[in-house]
Amino acid sequence: YDYDKVTYLNEGAEIGASGHFTSDGSVDLYSQGGYEAWANKTGYVGISFKKDGKTVYGWAKVKVDATNTSVIIYGYAYEATAGKSIKAGAPK
């Protein structure tokens with residue numbers, strides 16, 4: 001499993017147990033060389049992590065520069081209620 005593989009999400013995309021934010025079709029967020037799927041784009045990525053042993057979901061708004069040499073995180077949020085989904089870009 002590649003942990004650097006992510007799905008580009010638009011604002012409002014659902015992130016949660018039933019919202020698919022990673023998949024076999026996901027792509028590298030950052031890579032030097034000929035890779036350009038994220039180059040010079042700003043979008044959302046879904047995240048999940050354990051809080052008190054339970055899964056919570058969130059998002060991060062990121063931009064990859066045109067040369068794929070840096071990633072800027074503009075903001076993030078997560079839903080504090082375990083198991084509850086969140087929409088990309090929604091404040092929490």
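What follows is a short tour, from the whole chain down to single residues.

Author: This is a predicted model, in which local features need pLDDT of at least 70 and side-chain atom pairs count only at pLDDT 80 or more, while totals for chains, interfaces and linings use all residues. Residues are numbered from 1 along each chain as its sequence is written, and side-chain values use heavy atoms, with hydrogens and water left out.

Reader: What is the mean pLDDT of the chain?
Author: The score pLDDT is the predictor's confidence in each residue, from 0 to 100. Here the chain has a mean of 80, and 74% of its residues reach 70 or more. Confidence is lowest in strand β3 (residues 27-28), with a mean of 56, and highest in β7, at 94.

Reader: How many helices and strands are there in the chain?
Author: Both are DSSP runs numbered from the N terminus: helices are H or I with at least four residues, strands are E with at least two. This chain has zero helices and seven strands, giving the pattern β-β-β-β-β-β-β along the sequence.

Reader: And how do I read burial? Is G43 buried or exposed?
Author: Buried means under 20% relative accessible area, exposed over 50%, and partly exposed in between (1.4 Å probe, protein chains only). Of the 92 residues in the chain, 33% are buried. G43, in strand β4 (residues 41-51), counts as buried because its relative accessibility is 3%. K41 lies in strand β4 too, but K41 is partly exposed, with a relative accessible area of 39%.

Reader: Which residues is G43 in contact with, beyond its neighbours within four places in sequence?
Author: Contact means heavy atoms within 4.5 Å. With those neighbours left aside, G43 is in contact with Y8, L9, W38, A60, K61 and V62. Across the chain, residues 24 or more positions apart account for 51% of the contacts with a separation of 6 or more.

Reader: Where is E79 found?
Author: E79 is in the loop between β6 (71-78) and β7 (86-87). With a relative accessibility of 5%, E79 counts as buried. Not counting residues up to four places away in sequence, E79 touches V56, Y57, K84, S85, I86 and K92. A polar atom of the E79 side chain also lies 3.1 Å from the backbone nitrogen of T81.

Reader: What should I look for in backbone angles?
Author: Most residues other than glycine have a negative phi. D52 has a positive phi, near 55°. This residue sits in the loop between β4 and β5 (54-64), and D52 counts as exposed because its relative accessibility is 75%.

Reader: Finally, is I73 buried or exposed?
Author: I73, in strand β6, counts as exposed, at 58% relative accessibility.

Notes:
Polar contact = N/O pair within 3.5 Å; in protein donor to acceptor, adjacent residues only side chain to side chain.
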